[in-house]
Amino acid sequence: MPERFLIKLRSEGRLTPLVCVLCDLAGREMPKHVEPDRAVLALKHQGDNGLRIQLTTVEAIAERYLHELRAAVPGGPVILCGYSFGGVLAYEMAIRLDQAGMQPPLLILVDSYAPSLHAEAMRQGRSVFSAIKHSLIAPVVERRLRRGLPLQGAFNHYHIIDTYDKATLAYQPVAYNGRMTVLHAADGWGPPDMGWQAHAAGPFSARMVEGDHFTMVRPAGINALATAINAAIAEAGC
């Protein structure tokens, strides 16, 4: 049976549904923070089974996620909100929905670097310990995957993040015509637009949210993130 990625956190509501793409804990908590008349759905990571990830490009993952999303919300508009690599996926999903005549009323990218800045952002976050960790973990991960043995813990997390990094670096986004808002962690690296304004052919805004890349989606930071998401939704009128 093929792996399923869509989770219905709140199924009913008259307002435009909010779809959280790889927003982790923040996504699961979002029904507590948005209007009760808004359905909330989430798209989760690949790799739960610890085996080699099968969908390895932004385009392939976005298409699979859209397939499940269309089945859950047939024909209706949705607000797409993606965190980190989920923002890159949400961007490609928005492009495809737009091309199909179903442009999202709002695309929210949460601390997600455009591919043009991704390599530099990775360098900014590296340390000597990162290189040591990579040299130790990478061979173990590849050896287990070749043998068909499931990965666990830090090894599986490494495989997922490594897949996402390679997918982002290979992705070449086209311009997007819809409304887009970037939410940049105040303690993070890079320009406020995180490189996305160069791809914006429609209304664009960027705002800072307190915290860093990790704390903004953890319990202590979720209130500030949800406030920024709700403000962007209100500004878009959806």
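1. Contacts of H118. In this predicted model, and leaving aside its neighbours within four places in sequence, H118 is in contact with Y113, D165, T168 and L169. The residue is found in helix α4, and it counts as buried because its relative accessibility is 13%, which falls under the 20% cut-off.

2. The largest pocket. A volume of about 1,600 Å³ is computed for the largest pocket. As to secondary structure, at least two lining residues come from each of α3 (85-99), α4 (115-125), α5 (128-146) and α6 (153-170), with α6 giving the largest share, ten residues. By class, the lining of this pocket is made up of 16 nonpolar, 16 polar and ten charged residues.

3. The second largest pocket. For the second largest pocket the computed space is about 210 Å³. Its lining consists of R52, I53, T56, A138, V141, E142, L145, Y158, H159, D162, T163 and K166. Helices α5 and α6 each contribute at least two of the lining residues, and the largest share, five residues, is that of α6. Five nonpolar, three polar and four charged residues make up this lining.

4. Helix α2 runs over residues 58-72, and its 15 residues reach 21 Å from the first C-alpha to the last, which is close to the 21 Å expected at 1.5 Å a residue. The buried residues in α2 are V58, I61, A62, Y65, L66, E68 and L69. They lie on the same side of α2, because the arc that they cover around the axis is only 165°. An α-helix has 3.6 residues a turn, so residues three or four places apart point the same way. The exposed residues H67 and A71 are carried by the face of α2 turned away from the buried side. Among the elements that cover the buried residues of α2 are the strands β1 (6-10), β2 (15-21), β3 (38-43) and β4 (79-83), together with the helices α3 and α6.

5. D24 is found in helix α1 (residues 24-29) and, with a relative accessible area of 30%, is partly exposed. D111 lies in the loop between β5 (107-110) and α4, and its relative accessible area of 2% means that it is buried.

6. The largest cavity. Rolling a probe the size of a water molecule over the atoms shows where empty space is left. Across the whole structure, the search finds two cavities of 30 Å³ or more. The largest cavity has a volume of about 60 Å³, and the residues that line it are L69, R70, V73, G75, G76, V78, L97 and M102. In terms of class, five of these lining residues are nonpolar, two are polar and one is charged. L69, which belongs to this lining, is also one of the buried residues of α2.

7. The second largest cavity. The space in the second largest cavity is about 30 Å³, and its lining is formed by C20, C23, A26, G27, M30, C81, Y83, V110, L225 and I229. Two or more of these residues are given by each of α1, β4 and α7 (219-236). The lining divides into nine nonpolar residues and one polar residue, with no charged residue. Strand β4, which contributes to this lining, is also among the elements that cover the buried residues of α2.

Key
Residues are numbered from 1 along each chain as its sequence is written. This is a predicted model: local features need pLDDT of at least 70, side-chain atom pairs count only at pLDDT 80 or more; totals for chains, interfaces and linings use all residues. Side-chain values use heavy atoms; hydrogens and water are left out. On a 1 Å grid over the protein atoms alone, a cavity is a set of points where a 1.4 Å probe fits but cannot get out, and a pocket is an open set with protein on both sides within 12 Å along at least five of seven lines; lining residues have an atom within 4 Å of a point. Grid points are joined across faces, edges and corners, and a volume is the space filled by probe spheres set on the points. Helices (H or I, at least four residues) and strands (E, at least two) are DSSP runs, numbered from the N terminus. Ala, Val, Leu, Ile, Met, Phe, Trp, Tyr, Cys and Pro count as nonpolar, Asp, Glu, Lys and Arg as charged, and the others, Gly among them, as polar. Buried means under 20% relative accessible area, exposed over 50%, partly exposed in between (1.4 Å probe, protein chains only). Contact means heavy atoms within 4.5 Å. The expected span of a helix is 1.5 Å times one less than its number of residues. The arc is that of the directions from the helix axis to the C-beta atoms.
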